[in-house]
Amino acid sequence: MIQKEFLSIFKDPRLRFIIVMGVIIQGALFGYAANYDLLEAPYAVVDQSHGQSSREVLSHLDGTGFFERKATVGNVEDAGRLVESGEVIFAVVFPSDFEDRVRGGREAAVQLLLDGRNPSIAGRAESYVTNIVMTCNAEHGIKSPAELVTRTWYNPNQMSRWNFLPSLIAMISFIQILMLSGMSVAKEREQGTFDQLLVTPLTQSEILAGKALAPMCVGIFQSTLLFLLARYWFDVPFNGSFFALMAVITVFSLSGTGFGLILSSIAKNMQQVLVYLLVFMMPLVLLSGVATPIHNMPDFLQYITYIDPLRFAVDAVRRIYLEGAALADVSFDFVPTICIAAATMPAAGWLFRNKAQ
């Protein structure tokens, strides 16, 4: 049965392409395209003071390498139109009394007009400009009553791909496992071989186990490909144990296979499986914490995430990859995942026997 399932997967050249190249392409796209880093930030200037102090601030901005001055306009309205059209991310406005206030040792305000349609980029731009203004203040002997010194653990440069790529090790393989395991039984029904499968010497539990192992192996293989892509192509440092990472992926794959076999047992054909996957996949991914932190969700949604195996897989893989956590450190993630697997696999077996009868 295991051999049959592997042959069924790999005999189709299109499926072979999806299993290998699909993962590489998606990993590359997320690594390059899903990027919230502030690498290029076009901005506009409204300098109504025309003084030395405003020129110093602008020279610091232009000297960073990623702030690019697109336009210098005469009033706030023109700067607002540039922000509105998307030509610039933000505009810096120096009021007419800016130079006099700086020279007199008084508080001098610098206005930022930020494009809030991308709050992540806007927040980073605001932070960088604030740090530059504080640097200029220090050069003029103007110090704030308190100085904030920050240090970022596990991702010193706050690169978004360091957060996304370890999560993809769990997420993309989860999608593939659901698809392959979800189509296994439905495919037998659609091709008319389901009854022939039942008259083989294998028991129904053995048939189900054989159908579960092939998707799990494919998922582990894809996770390994994504790990190699993240580590050696995008140079995301790996601080943990490869054994611990594979242990998490294996247990997580078992729970994902259980979900897929349940869908496969319920569906009458592969088209229904695809519909079920579209319905369930998006909530599972959104509730996993890949894009947004779990603790930012409403309380009732946080409780729902406990039945999502992807939530615990993403958390465990991130901690092992970035923090160097051991298996004991991620034991909290193991327990719910094992419980989900212990519930979904018997449920899939019961549904399979019920459909067979």
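In this predicted model, the largest cavity is lined by Val 248, Val 251, Phe 252, Phe 312, Ala 313, Ala 316, Val 330, Asp 333, Phe 334 and Thr 337.

**The cavity**
- The structure holds one cavity of 30 Å³ or more, and the space in the largest cavity comes to about 50 Å³.
- Three helices, namely helix 10 (242-266), helix 13 (309-323) and helix 14 (331-356), each contribute at least two residues to the lining of the largest cavity.
- By type, the residues of this lining divide into eight that are nonpolar, one that is polar and one that is charged.

**The nonpolar cores**
- The largest nonpolar core has 45 residues, and Leu 310 and Tyr 321 are those with the most contacts inside it.
- At least two residues of this core come from each of helix 7, helix 9, helix 10, helix 11 (270-286) and helix 13, and helix 7 gives the most, with eleven residues.
- Leaving aside its neighbours within four places in sequence, Leu 310 is in contact with Ala 170, Met 171, Phe 174, Phe 252, Leu 284, Val 285 and Ser 288.
- A second, separate core has 18 residues, including Tyr 43, Val 129, Ile 132 and Cys 136.

**Helix 1**
- Within helix 1 (residues 2-10), Glu 5, Ser 8 and Ile 9 are buried; seen down the helix axis, the buried residues fall within an arc of 95°, so they line one face of helix 1.
- Gln 3 and Leu 7, on the other side of helix 1, are exposed.
- The buried residues of helix 1 pack against helix 2 (13-32), helix 7 (160-191) and helix 9 (204-233).

Notes
Residues are numbered from 1 along each chain as its sequence is written. This is a predicted model: local features need pLDDT of at least 70, side-chain atom pairs count only at pLDDT 80 or more; totals for chains, interfaces and linings use all residues. Side-chain values use heavy atoms; hydrogens and water are left out. On a 1 Å grid over the protein atoms alone, a cavity is a set of points where a 1.4 Å probe fits but cannot get out, and a pocket is an open set with protein on both sides within 12 Å along at least five of seven lines; lining residues have an atom within 4 Å of a point. Grid points are joined across faces, edges and corners, and a volume is the space filled by probe spheres set on the points. Helices (H or I, at least four residues) and strands (E, at least two) are DSSP runs, numbered from the N terminus. Ala, Val, Leu, Ile, Met, Phe, Trp, Tyr, Cys and Pro count as nonpolar, Asp, Glu, Lys and Arg as charged, and the others, Gly among them, as polar. Buried means under 20% relative accessible area, exposed over 50%, partly exposed in between (1.4 Å probe, protein chains only). The arc is that of the directions from the helix axis to the C-beta atoms. Contact means heavy atoms within 4.5 Å. A nonpolar core is a set of buried Ala, Val, Leu, Ile, Met, Phe, Trp, Tyr and Cys residues joined through side-chain atoms within 4.5 Å.
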